[in-house]
Amino acid sequence: QYVLAVGSSVFYAMFYGDLAEVKSEIHIPDVEPAAFLILLKYMYSDEIDLEADTVLATLYAAKKYIVPALAKACVNFLETSLEAKNACVLLSQSRLFEEPELTQRCWEVIDAQAEMALKSEGFCEIDQQTLEIIVTREALNTKEVVVFEAVLNWAEAECKRQGLPVTPRNKRNVLGKALYLVRIPTMTLEEFANGAAQSDILTLEETHNIFLWYTAANKPKLEFPLTKRKGLVPQRCHRFQSSAYRSNQWRYRGRCDSIQFAVDKRIFIAGLGLYGSSCGKAEYTVKIELKRLGVVLAQNLTKFTSDGSSNTFSVWFEHPVQVEQDTFYNVSAILDGNELSYFGQEGMTEVQCGKVTFQFQCSSDSTNGTGVQGGQIPELIFYA
């Protein structure tokens with residue numbers, strides 16, 4: 001009793017307060033035994049031993065018994081293990097536990113990696129209020145058709161939780177007003193026709209009116225929001241102070257252009273800005289890659305067209321990739337197309353972009369001459 005009372009004002013009140021328990025055995029039905037054991041271990045030995053499957057229950061116990069150091073350790077653990085597949089569940093829990101810092105981190109991941117977060121199994125496990133908050137979110141960086149499909153998946157899971165047959169009517173009923181938070185009219189006509197219009201979750205009148213809204217001059221009034229989400233504005237880190245072109249000076253030859261970078265705060269890399277042909281309009285096939293310690297985190301094989309100017313041309317990864325602070329990552333590009341290209345000069349080892357500082361180093365993967373001082377990969381495109 002003494003050890004617990006010293007470490008927690010709640011235990012002190014339980015054992016020595018005016019309403020102290022006098023029983024020899026005290027039952028605590030709302031805390032998982034494994035989590036309570038972690039709490040006891042911390043209070044006796046100052047050791048914190050957290051695991052992914054018990055950390056939320058431990059956070060609950062730490063909050064209940066007002067043990068702030070253990071609660072802080074739980075939040076830090078959750079922040080470091082946060083990724084798109086568990087961000088929605090952790091958002092739901094962070095709101096429940098009133099942890100604003102964790103809530104903010106969850107939103108950073110959900111906004112930047114919205115498609116992966118909404119398609120995760122964890123999204124289907126959230127409560128109704130969290131669902132409505134997410135679907136209302138202005139900064140979700142994804143197509144509305146992805147939001148609509150995620151809402152349907154959640155409704156199916158909720159029907160099963162409530163023991164209801166999975167029918168369009170029941171899905172609509174469990175969704176309630178959440179259905180009318182989806183910005184269906186901001187889909188393209190083709191997306192609507194191939195998806196929402198055939199989902200059977202809308203009434204015939206709603207489907208008819210939305211088709212008219214797309215095509216008719218006299219548009220009917222709709223109950224769904226009409227304005228497109230703002231999403232996130234990508235930021236660009238430009239590492240060269242100038243670009244140039246001299247005949248035979250720089251060529252794309254199917255070799256690897258690569259550079260290493262590190263940042264001083266967590267960001268999401270979305271793609272690269274690349275130089276194109278210096279001989280007029282040209283199409284390139286390009287493979288871009290992001291690696292950490294030799295492990296490929298993202299890659300994409302795609303095409304882009306340059307217009308003969310010294311502008312950069314955006315090439316995107318399939319999904320934005322979370323990049324941790326104070327760790328070097330390697331980005332590379334292999335281009336196949338018109339060989340002669342623009343190239344960057346007067347490269348900087350450190351670049352300040354808004355609140356993010358980038359550091360650059362040469363990469364051993366670079367076999368086409370790109371380095372810190374000059375070459376290719378002039379821009380990193382990111383969200384922060």
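**Rings and helices, step by step**

Mentor: Phe 192 counts as buried, because its relative accessibility is 0%. Buried means under 20% relative accessible area, exposed means over 50%, and partly exposed covers what lies in between, with a 1.4 Å probe and protein chains only. Phe 211 has 31% relative accessibility, so it counts as partly exposed. This is a predicted model, in which local features need pLDDT of at least 70 and side-chain atom pairs count only at pLDDT 80 or more, while totals for chains, interfaces and linings use all residues. Residues are numbered from 1 along each chain as its sequence is written, and side-chain values use heavy atoms, with hydrogens and water left out.

Now the rings. A search of the whole structure finds 17 aromatic pairs. A pair means that the ring centres of Phe, Tyr or Trp (its six-membered ring) lie within 6.5 Å; planes under 30 degrees apart are stacked, over 60 edge-to-face, and the rest tilted. Helices (H or I, at least four residues) and strands (E, at least two) are DSSP runs, numbered from the N terminus. Phe 36 and Tyr 65 are both buried. Phe 192 and Phe 211 also form an edge-to-face pair, with 5.0 Å between centres and 70° between the planes. Here Phe 192 is in helix α12 (residues 189–194) and Phe 211 in helix α13 (residues 204–215), so the pair ties together parts 19 residues apart in sequence. Elsewhere, one aromatic cluster is formed by Phe 261, Tyr 329, Phe 358, Phe 360 and Phe 382.

Rings can also have a charge over the face. This is counted if NZ of Lys or CZ of Arg is within 6 Å of the ring centre and within 35 degrees of the ring normal. Arg 137 lies over the face of Trp 107, at 4.1 Å from the ring centre.

With a relative accessible area of 12%, Ile 38 counts as buried. Setting aside neighbours within four places in sequence, Ile 38 is in contact (heavy atoms within 4.5 Å) with Asp 49, Leu 50, Thr 54 and Thr 58. Thr 58 is also one of the buried residues of α4, along with Val 55, Ala 57, Leu 59, Ala 61 and Ala 62. These buried residues of α4 pack against α3 and α5. Just after α4, Ile 66 takes a positive phi of about 50°.

Next, how helices pack. Two packed helices are described by the angle between their axes and the distance between the axes. Axes are lines fitted to C-alpha atoms, for helices over the stretch in contact, and angles run from 0 to 180 degrees between N-to-C directions. The axes of α9 (residues 128–136) and α10 (residues 144–161) come within 12 Å and cross at roughly 175°. α9 and α10 are therefore roughly antiparallel; angles under 35 degrees count as roughly parallel, over 145 as roughly antiparallel, 65 to 115 as roughly perpendicular, and the rest as oblique. Gln 128, Leu 131 and Val 135 of α9 make the contact with Val 147, Val 151 and Trp 154 of α10. By class, that contact has 5 nonpolar, 1 polar and no charged residues. Ala, Val, Leu, Ile, Met, Phe, Trp, Tyr, Cys and Pro count as nonpolar, Asp, Glu, Lys and Arg as charged, and the others, Gly among them, as polar.

α10 also packs with α11 (residues 168–175), at about 100° and with axes 9 Å apart. This makes α10 roughly perpendicular to α11. From α10 the contact includes Val 151 and Trp 154, and from α11 it is made by Asn 170, Lys 171, Val 174 and Leu 175. The residues of this contact divide into 7 nonpolar, 1 polar and 3 charged.
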